[in-house]
Amino acid sequence: ITNMDYESRVIYADSLLLLSLDLYLGKDHQFYIDFPEYIRQNNQKDHLIVDVAKSFVDLQMPPRQNRRFIDKIIAEGKKMYLLDAYLPKVSDREKIGYSQEKLDWALANEEQVWIYFIENKLLYSTDTQLNYRFIEDAPFSKFYMAQDNLSPGQIGVWIGWQIVRSFMENNDVSLQDLLKMDEEELFRKSKYKPRN
């Protein structure tokens, strides 16, 4: 029991796996009445397997000191690609923790998001505010536009995931080599082209 600490849902340390079972009672459970919707939607027992897999992924990919936005989103994309490998039968929606509406938005607007990143010269930016706007878990991403609330949080993670998927479709690389690969090289070889 964690007193609803949703930041620490699953902890893997040494040979112990600690599960906060009080965070998987169903999104409509009375304990979560004050939680924001984007947090509540993942308080389901089906999401437990994703959180367990993420705890293993975090151990395999310790944080690096990436400064540029493109490097950060590709590093996050590598983590998501590992989830693809570990949980092939789990939906993209469940892996990234989006509602169906937010996933539909990400799919429909991938090209526009990519254009926004390019036109606003964000890819090679070292502005740490971009983490808050596009990488960290949030109810929506912050483009500073009227319809921001329609977008999902972590849209940078979504884009990084699609870049890594494109790279793996176009290159013959093992998972181990993928994890070691420099983000800039991966980006150049990804042939990423968002589709709508």
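**Group meeting: a walk through the helices and the core**

Gln41 is buried, with a relative accessible area of 14%, where buried means under 20%, exposed means over 50% and partly exposed is in between, using a 1.4 Å probe and protein chains only. Before I go on, a word on the source: this is a predicted model, in which local features need pLDDT of at least 70 and side-chain atom pairs count only at pLDDT 80 or more, while totals for chains, interfaces and linings use all residues. Residues are numbered from 1 along each chain as its sequence is written, and side-chain values use heavy atoms, with hydrogens and water left out.

Back to Gln41, then. You will find Gln41 in the loop between helix 1 (37-40) and helix 2; helices are DSSP runs of H or I with at least four residues, strands are runs of E with at least two, and both are numbered from the N terminus. What is Gln41 in contact with, leaving aside its neighbours within four places in sequence? Lys27, Gly97, Tyr98 and Ser99, with contact meaning heavy atoms within 4.5 Å. Leu23 is 18 residues from Gln41 in sequence and 11 Å away in space, C-alpha to C-alpha.

Now for the core. The largest nonpolar core has 44 residues; a core here is a set of buried Ala, Val, Leu, Ile, Met, Phe, Trp, Tyr and Cys residues joined through side-chain atoms within 4.5 Å. Among those with the most contacts inside this core are Trp114, Phe117, Trp158 and Ile159. Which helix gives the most to this core? Helix 7 does, with nine residues. In soluble globular proteins, nonpolar side chains tend to be buried together.

Let's see how helix 7 meets its partners. The axes of helix 5 (residues 100-119) and helix 7 (residues 155-170) come within 10 Å and cross at roughly 85 degrees. Axes are lines fitted to C-alpha atoms, for helices over the stretch in contact, and angles run from 0 to 180 degrees between N-to-C directions. Helix 5 and helix 7 are therefore roughly perpendicular, a label for 65 to 115 degrees; under 35 is roughly parallel, over 145 roughly antiparallel and the rest oblique. Residues making this contact include Trp114 and Phe117 of helix 5, and Trp158 and Ile159 of helix 7. Ile159 itself, leaving aside its neighbours within four places in sequence, touches Ile73, Glu110, Val113, Trp114, Phe117 and Tyr192.

Helix 3 packs on helix 7 too, at an angle of about 70 degrees with the axes 7 Å apart. That makes helix 3 roughly perpendicular to helix 7. On the helix 3 side, the residues that meet helix 7 include Ile70, Ile73 and Ile74.

Helix 3 also has helix 2 as a partner. The axes of helix 2 (residues 48-60) and helix 3 (residues 69-86) come within 10 Å and cross at roughly 125 degrees. That makes helix 2 oblique to helix 3. Among the residues meeting there are Val50 and Val57 in helix 2, and Leu82 and Leu83 in helix 3.

Asp14 has a positive phi of about 55 degrees although it is not a glycine, and lies in the loop between strand 1 (10-13) and strand 2 (16-19). Is Asp14 buried or exposed? Asp14 counts as exposed, at 73% relative accessibility. Tyr144, also not a glycine, has a positive phi of about 65 degrees. Tyr144 sits in the loop between helix 6 and helix 7 and is exposed, with a relative accessible area of 58%.
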